[in-house]
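Good morning, colleagues. Please look at the display before I continue.

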Amino acid sequence: MRVHLSAAAAGFLLLAGMGAAAADTVVIQPEQETVIKEYVKKQPLASVKLPGVELNVGTALPNTVELHEVPNVKYRYTVIDNRTVIVDPGTHKVVKIIE
């Protein structure tokens with residue numbers, strides 16, 4: 001009986017962890033992404049390099065990276081290695097990379 005409870009508890013914790021990870025996923029609505037892309041085209045930025053930083057969704061950028069506002073959008077953007085990066089200004093985490 002004890003083995004079954006432990007396995008059930010382990011399964012629950014695994015599922016709970018997966019749920020927490022899924023909750024961190026940011027979904028940018030297509031309309032909002034279109035607004036961001038159009039704004040970025042009109043307001044181009046010089047690309048910066050971040051040696052030693054692997055650029056992926058979820059990567060926390062250093063606080064020294066300047067983030068630029070998109071009007072009426074929660075997120076900010078910057079250009080790193082010629083890639084437009086959408087960033088959560090509160091956490092400095094990359095939420096989307098626009099190729």
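Does Lys37 count as buried, partly exposed or exposed? The model before you is a predicted one, and in it Lys37 has a relative accessibility of 37% and therefore counts as partly exposed. Its side chain meets that of Glu33 in a salt bridge, at 3.3 Å from N to O. Both Lys37 and Glu33 belong to helix 2, residues 30-42, where they are four residues apart, about one turn of the helix.

Glu33, by contrast, counts as buried, at 16% relative accessibility. Glu33 also forms a salt bridge with Lys96, with 3.6 Å between the closest N and O atoms. Because Glu33 lies in helix 2 and Lys96 in strand 4, residues 93-98, this pair ties together parts 63 residues apart in sequence. Lys96 itself is partly exposed, with a relative accessible area of 27%.

The structure holds three salt bridges, and one of them joins the side chains of Asp81 and Lys49, at 3.6 Å from N to O. That pair links distant parts of the chain, 32 residues apart: Asp81 sits in the loop between strand 2 and strand 3, and Lys49 in the loop between helix 2 and strand 1. Asp81 counts as partly exposed at 35% relative accessibility, while Lys49, at 66%, counts as exposed. As for shared partners, salt bridges join Glu33, Lys37 and Lys96 into one network.

Finally, I turn to Thr78, in strand 2. Thr78 is buried, at 4% relative accessibility, and its side chain reaches the backbone oxygen of Glu66 at 3.4 Å. Thank you.

How values were computed:
Residues are numbered from 1 along each chain as its sequence is written. This is a predicted model: local features need pLDDT of at least 70, side-chain atom pairs count only at pLDDT 80 or more; totals for chains, interfaces and linings use all residues. Side-chain values use heavy atoms; hydrogens and water are left out. Helices (H or I, at least four residues) and strands (E, at least two) are DSSP runs, numbered from the N terminus. Buried means under 20% relative accessible area, exposed over 50%, partly exposed in between (1.4 Å probe, protein chains only). A polar contact is a pair of N or O atoms within 3.5 Å; within protein, one must be able to donate a hydrogen and the other to accept it, and residues adjacent in sequence count only if both atoms are side-chain atoms. A salt bridge is a side-chain nitrogen of Lys or Arg within 4 Å of a carboxyl oxygen of Asp or Glu.
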